[in-house]
Amino acid sequence: MAIMEYLEEKFPDKLKLLPETPEGRAKVRALCYLMKPTLYSYWRSSCSWRVRIALALKGIDYDYEGVNLVKGAQREPEFLKKNPQGLVPAYVSGQTVLTESMAIMEYLEEKFPDKLKLLPETPEDRAKVRALCYLIASNTQPIQNLRVLQFYGKGDTSKYAEWASHWICLGFEALEVELKMCSGKFAFGDEPTLLDALIPPQVYNAKRFKVDMDKYPTIQAVNERLGELEAFKKAHPSRQPDTPEGERA
Ligand SMILES: N[C@@H](CCC(=O)N[C@@H](CS)C(=O)NCC(=O)O)C(=O)O
């Protein structure tokens, strides 16, 4: 938006893209801001990555604002206005500020009914997909989140892997059994669902904390298939605006 406004002012003799009256200009600007949402994200945040996957699968364009978790930007007053919990992601569309990756993805599902659907048809299947999402989103990831690790480690980062891998393995043992029964080409059958948006980020965390993924062949196989899809490549931590140089692919 800033660049387009600059071009408008810098080249007053070229085709004008803002109307004549201040009211018209304000209206166009308001609609522009309404149209393009902003995702507050961190390149390696698994919860932000879930939302990036859902946005990419649905083909929704958005602005990206990096929040550096390692530097503590999530606890800065400006970000706490968006999410008083001090956690990413936060999704801002016009006056609406949404937090919690599952809530944001469910919102996208309801808000854009004409885009690719990420929940199955029947209430039973929808409940099943949500339950498996929460297996990761409620019962696995929160116990290995940065602030939990920092509290547990009390400055000793060498303790992180043992703690995180214990909880991830507990979650993955159950998820492996579940996926054996319900996966197809994707985590739940042959169409992508919200559950697929949670798999690569959690597998990435597992590998970071040295979990032996050979113990979970079904999760591993689904994850590999997802990694081949363009939407999943686009959402990957190695391709975000705030990805550090050495981590870029
Ligand atoms: N339940 C939340 C969890 C959000 C969360 O844990 N975000 C992490 C990154 S994945 C975070 O911001 N951590 C910052 C910290 O622990 O200080 C969601 O699904 O959005």
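**Notes on a predicted model, from helices to ligand shell**

1. Helices here are DSSP runs of H or I with at least four residues, strands are E runs with at least two, and both are numbered from the N terminus. UniProt, in an unreviewed entry, gives residues 122-245 the feature "domain: GST C-terminal". UniProt positions follow the numbering used here, feature names are shortened, and annotations may be inferred rather than shown by experiment.

2. A word on how to read the model. Residues are numbered from 1 along each chain as its sequence is written. The model is predicted, so local features need pLDDT of at least 70 and side-chain atom pairs count only at pLDDT 80 or more, while totals for chains, interfaces and linings use all residues.

3. Now the whole chain. The protein chain has eleven helices and four strands, and its C-alpha trace spans about 65 × 45 × 30 Å along the principal axes. Of its 249 residues, 31% are buried; a residue is buried if 20 or more other C-beta atoms, placed from the backbone, lie within 10 Å of its own, exposed if 12 or fewer, and partly exposed in between. Among contacts with a separation of 6 or more, 66% join residues 24 or more positions apart (a contact means C-beta atoms, placed from the backbone, within 7 Å of each other).

4. The chain is divided into domain 1 (1-34) and domain 2 (123-235), with bounds that come from an automatic or database domain assignment. Taken over C-alpha atoms, the centres of domain 1 and domain 2 are 44 Å apart. The unreviewed UniProt entry also lists "domain: GST N-terminal" at residues 35-116. In that stretch the chain is 35% helix and 20% strand, and 19 Å separate the end C-alpha atoms.

5. Next, a hairpin. Strands β3 (residues 90-93) and β4 (residues 96-99) pair in the antiparallel sense over four bridges; two strands count as paired if DSSP finds at least two bridges between them. Tyr91 faces Leu98 of β4. Two residues lie between the strands, and Gly94 in this hairpin has a positive phi near 60°.

6. Some backbone details deserve a look. Most residues other than glycine have a negative phi, and most peptide bonds are trans. Val88 and Pro89 are joined by a cis peptide bond with omega about 10°, and Pro89 sits in the loop between α4 (77-80) and β3. Glu100, in the loop between β4 and α5, has a positive phi near 75°. Glu100 counts as partly exposed because it has 18 C-beta neighbours inside 10 Å. Lys154 belongs to the loop between α7 and α8 and has a positive phi of about 45°. Lys154 is exposed, because 7 other C-beta atoms lie within 10 Å.

7. Which residues come nearest to the ligand? They are Ser45, Leu87, Ser101, Leu146 and Arg147, out of 16 residues around it; a residue is near if its C-beta atom, placed from the backbone, lies within 6 Å. Helices α3 (46-58), α5 (101-111) and α7 (146-153) each give at least two residues to this shell. By class the shell has eight nonpolar, six polar and two charged residues. Here Ala, Val, Leu, Ile, Met, Phe, Trp, Tyr, Cys and Pro count as nonpolar, Asp, Glu, Lys and Arg as charged, and the others, Gly among them, as polar.

8. Helix α9 (residues 194-208) is mostly covered, with twelve of its 15 residues buried. Among them are Leu194, Leu198, Pro201 and Val203, as well as Asp196 and Asn205. The buried residues of α9 pack against α3, α5, α6 (123-137), α8 (160-182), α10 (217-227) and α11 (230-235). After α9 comes Lys210, with a positive phi near 65°.

9. Finally, Leu18 is found in the loop between α1 (2-10) and α2 (22-35). Leu18 is partly exposed, because 16 other C-beta atoms lie within 10 Å. Leaving out residues up to four places away in sequence, Leu18 touches Glu8, Arg25 and Val28. Leu18 and Arg29 are eleven residues apart in sequence, with 8.6 Å between their C-alpha atoms.

Technical notes: Two residues are in contact if their C-beta atoms, placed from the backbone, lie within 7 Å.
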